[in-house]
Amino acid sequence: MNCQKFETVVSELARGQMMAAALRGEALAHIDACDDCALRFRDEQMLTRGLHSLAAEMDSLEAPAMIEANVLMAFRARNAVVPAPVPQRRSHSAYWLAAVAAMLLLAISVFVFRWTNRPVADPRNAGNQEEPQRKSQPVEQATPQFANNVPVPEDEFVPQRRKPRRMQPASLSRPANNQVANHVTNEIATDFIPLSYMNAASLQDGGQIVRVQLPRSALVNFGLPVNMDRYNEKVKADVLFGVDGTARAIRFVQ
Amino acid sequence: MNLKNDLSDTELLRSMLAGDDEALTLLYRRRQAGVYRFALQMSGSKPIAEDVTQEVFLFLMREGHVFDPTRGSLSAFLFGVARNFVLRRLRVEQLLAPLNDESDEEIPSLHATADLCPLEDLTRAETIDSVRKAVLSLPAKYREVVVLCELQDVSYGETAEILGCAIGTVRSRLHRARALLLAKLRPVGEFEEAGSASVKSARCFA
């Protein structure tokens, strides 16, 4: 072993650290042969002894008892505080419950308001208050029947406005050649004729009626008779559009 | 309490985090001395050591769940926390490196005479005092290695975990720290002689 290699192991040797027996033997042999390295080894040993003495002197030192008391006090205070989030969490959940309840209440209020103010399609359900209004209109008094003497079914009463309204499925199942009198405009109209293979119940969702003009030849497509003398004239029709915007049914108006 | 004495540090910590103050007491009594001594040896100040000890256990109380037993022992974890608190405190108080080679404060030498048995010429208290001052005069990165490996008898592996470095780094720092300590503890005349000797040696190594 040379001095350079001895320098790398002298600390470990002086500290009594575990090392290979052969390496330790070589290092000890080098100490015997080299005075400088022997001096170096002696210094390292003295330093090790000094450090051990310092460690031994401080070995009995401990933190003052006051620290333990402080730590325990803080721990107990912390644990006493731990339940605090529970009521806070409760207040949070109570807040959310109150918010949900308020929203439900608002939704119910809106629903009730709209229900009570909804358009009345059936005059039988309109109550006594609407009856005088209808009677006050001269048109309604004049023509309670169709031209072909078919009694006007009360559930086919057409309101004045053209806002979306619920359609009764029964009107679609009725024969197409039945005509309905419009009490407001004194018009005569056929029943609604379905335009597609739809289920009548699908019109329960409501829809919108749009007045259009069609060539008179369009009557042929629905199996209705056409007056050839007035072939070039247009014919009025009400097209019922569903909520999805597709034409569901049509009726012809005269 | 007697039953809990047999519990490991990790089990005590788990109980402590569940709110068991008895577990905290046991854990504190088991580990406080090492933390306190480490802080005292690193700072040389009792008030700092007391504050750091308290802060370490308060930290354990608050953040004890971050301890991962698979990464090392709780003792090493506490030393690591204590190290951070000590360094932060020393940085704040500007107590770092008050003693260095250029310092005016004289460090008592282990070699009071040219005798081959210098320790016999000094009282034990003087020797310990000189070593303590020499250790405190080391730069922090060398001081912490000396404190852990030499004074706290922590293994190289655990020291590497505490410091977050490789074992080889610990070895080399300890070697360098011991050389610095010897240089500080050597009398001036001998230091100069040894200094020239070391230069000579260095030339030989080259």
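## Confidence in the model

In this predicted model, chain A has an average pLDDT of 72, with 64% of its residues scoring at least 70; pLDDT is the predictor's confidence in each residue, on a scale from 0 to 100. Among the elements of chain A, the highest mean pLDDT, 88, belongs to helix 3, and the lowest, 41, to helix 7 (residues 138–142), where helices are DSSP runs of H or I of at least four residues, numbered from the N terminus. Over residues 125–181 of chain A the pLDDT stays under 50, and for this stretch the model has 89 contacts beyond four places in sequence, a contact meaning heavy atoms within 4.5 Å.

Chain B has a mean pLDDT of 79, and 74% of its residues reach 70 or more. Its pLDDT stays under 50 over residues 111–116, for which the model has 14 contacts beyond four places in sequence, and also over residues 188–206, for which there are nine such contacts. Where pLDDT is low, the predicted coordinates should not be read in detail. For the complex, the predictor gives an ipTM of 0.76 and a pTM of 0.54.

## The interface between chains A and B

In the model, 42 residues of chain A are in contact with 46 residues of chain B. The area buried between the two chains is about 4,000 Å², of which carbon and sulfur atoms give 63%; buried area is the accessible area (1.4 Å probe) that two parts lose on being put together, summed over both.

Between chain A and chain B the count is seven salt bridges, each defined as a side-chain nitrogen of Lys or Arg within 4 Å of a carboxyl oxygen of Asp or Glu. R37(B) forms a salt bridge with D59(A), in which the closest N and O atoms are 3.7 Å apart. On the side of chain A that touches chain B, at least two residues each come from helix 1 (3–15), helix 3 (35–58) and helix 4 (65–81) of chain A, and helix 3 of chain A gives the most, with 16 residues.

Residues are numbered from 1 along each chain as its sequence is written, and chains are lettered from A in the order in which they are written. Local features need pLDDT of at least 70, side-chain atom pairs count only at pLDDT 80 or more, and totals for chains, interfaces and linings use all residues, while side-chain values use heavy atoms, with hydrogens and water left out.
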